[in-house]
Amino acid sequence: MSGAAAGGKARALALVSTGLDSLLAARITQRLGIDILGVHFSFRFDPLREDPETTIARLYEPLDIPVRVIDVSDDFLGIVLKPEHGYGKGVNPCIDCKIFMYRRAKALMEETGARFLVTGEVPGQRPMSQMKPVLFHIEKEGGLRGLVVRPLGALGLPESIPEKEGWMDRGSLYGIQGRSRKEQLILAEKFGIRMYPQPAGGCILTDAQYAVRARILFRNRGRERIRTEDMQLLRLGRHFWPRPELHVIVGRDLKDNALLESLNAGYWLFEAAGIEGPLVLADGIQGEEDIRLVAGITARYIGKKHGGPYRIVFQGSGRSGEVEALRLDEGLVDSWRV
Ligand code: SF4
């Protein structure tokens, strides 16, 4: 089989996240003299996260491991909305997510001449996608049967093709299993890796509050109408559903307001005229009554030092204007909140 890099070294692709495990897996592979290229598939559902290029550069540049960062948000959204293997505790479709990433990695292996894939997976570490039978199912569905090496957990798994063929020395791999991080921390010390993030327990799709908001959005809006921007907005502000067709998002602070404004993709926008207050986005406005309702929600979150009534400006669907509003009753507004 071909796929050797210049100089006769075997070439591998490392599928990396921003966690310690994939950093260690890539480092172990590099130390075995393998020509390694990393790939990080990112999705932009969490606007509060540092941009992935910066995070990846900070982690991998000191190790001299090149990593391509590829934004897959729009393609991945289809998986999140209709996962074949279902969700974990949130709206995290972990099994389908891994299959998706393996398939993308396989295409990149073909493009770059990499012979096999390296991942930081540890058997038994995560409830859904890292149980042994599931790992092999993902491998098969991803089109990479036998071609995935998991340096941290390899000794507890059947020998892979790269190990059998001698491209990767099995004697230099590890048999870590389960959720404890103790052995990974010892390895980090051994390999001189000092900079790594604390374990976060999954991406934003596993977050309980995010998942509640996402499920309501999926049900009320209909999955076919959801875009990447809608998934980003779920992370910001306070969310209200006065009725299933009307979705209102209220900024909590200046940072939220700025992000809501920059992400707004076709939502109506409301804010107080002349005084400080929240930026508010709304989807599903049907007419004047809804405009007054959203203006009243906007007024509810204006600081009490400003007495009402308030002038609220709005724009959306090719219209703009101003209405006078009083604060809506707090209990009523709270009853719509998710
Ligand atoms: S936690 Fe998020 S990124 Fe990780 S496998 Fe699950 S869905 Fe994918």
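Predicted model: local features only at pLDDT ≥ 70, side-chain atom pairs only at ≥ 80, totals over all residues.

Colleague: Which residues come nearest to the ligand?
Modeller: Of the 10 around it, the nearest are Asn92, Cys94, Cys97, Gly202 and Cys203.

Colleague: OK, helices now. At what angle do the axes of helix 4 and helix 5 cross?
Modeller: Roughly 40°, and the axes come within 8 Å. Helix 4 covers residues 94-112 and helix 5 covers residues 132-141. Angles under 35 degrees would count as roughly parallel and 65 to 115 as roughly perpendicular, so helix 4 and helix 5 are oblique to each other.

Colleague: And is that crossing left-handed or right-handed?
Modeller: Helix 4 passes helix 5 in a right-handed crossing. On the helix 4 side the contact uses Ile95, Lys98, Ile99 and Tyr102, and on the helix 5 side Val134, Ile138, Glu139 and Glu141. By class, that contact has 5 nonpolar and 3 charged residues, with no polar ones.

Colleague: Switching topic: how is the chain divided into domains?
Modeller: Domain 1 is 11-199 and domain 2 is 236-335. Their C-alpha centres are 42 Å apart.

Colleague: What about the backbone, is the Gly308 to Pro309 peptide bond cis or trans?
Modeller: That bond is cis, with omega near -5°. Pro309 sits in the loop between helix 11 (288-300) and strand 10 (310-316).

Colleague: And what's the phi of Asp64?
Modeller: Positive, about 60°, although Asp64 is not a glycine. Asp64 is in the loop between helix 2 (52-60) and strand 3 (67-71).

Terms used
Residues numbered from 1 in each chain as written. Axes fitted to C-alpha atoms, helices over the stretch in contact; angles between N-to-C directions. Helix = DSSP H or I, 4+ residues; strand = E, 2+ residues; numbered from the N terminus. Parallel < 35°, antiparallel > 145°, perpendicular 65-115°, else oblique. Left-handed = near helix turned anticlockwise from the far one by under 90°. Contact = placed C-beta atoms within 7 Å. Nonpolar A, V, L, I, M, F, W, Y, C, P; charged D, E, K, R; others polar. Near = placed C-beta within 6 Å. Domains from an automatic or database assignment.
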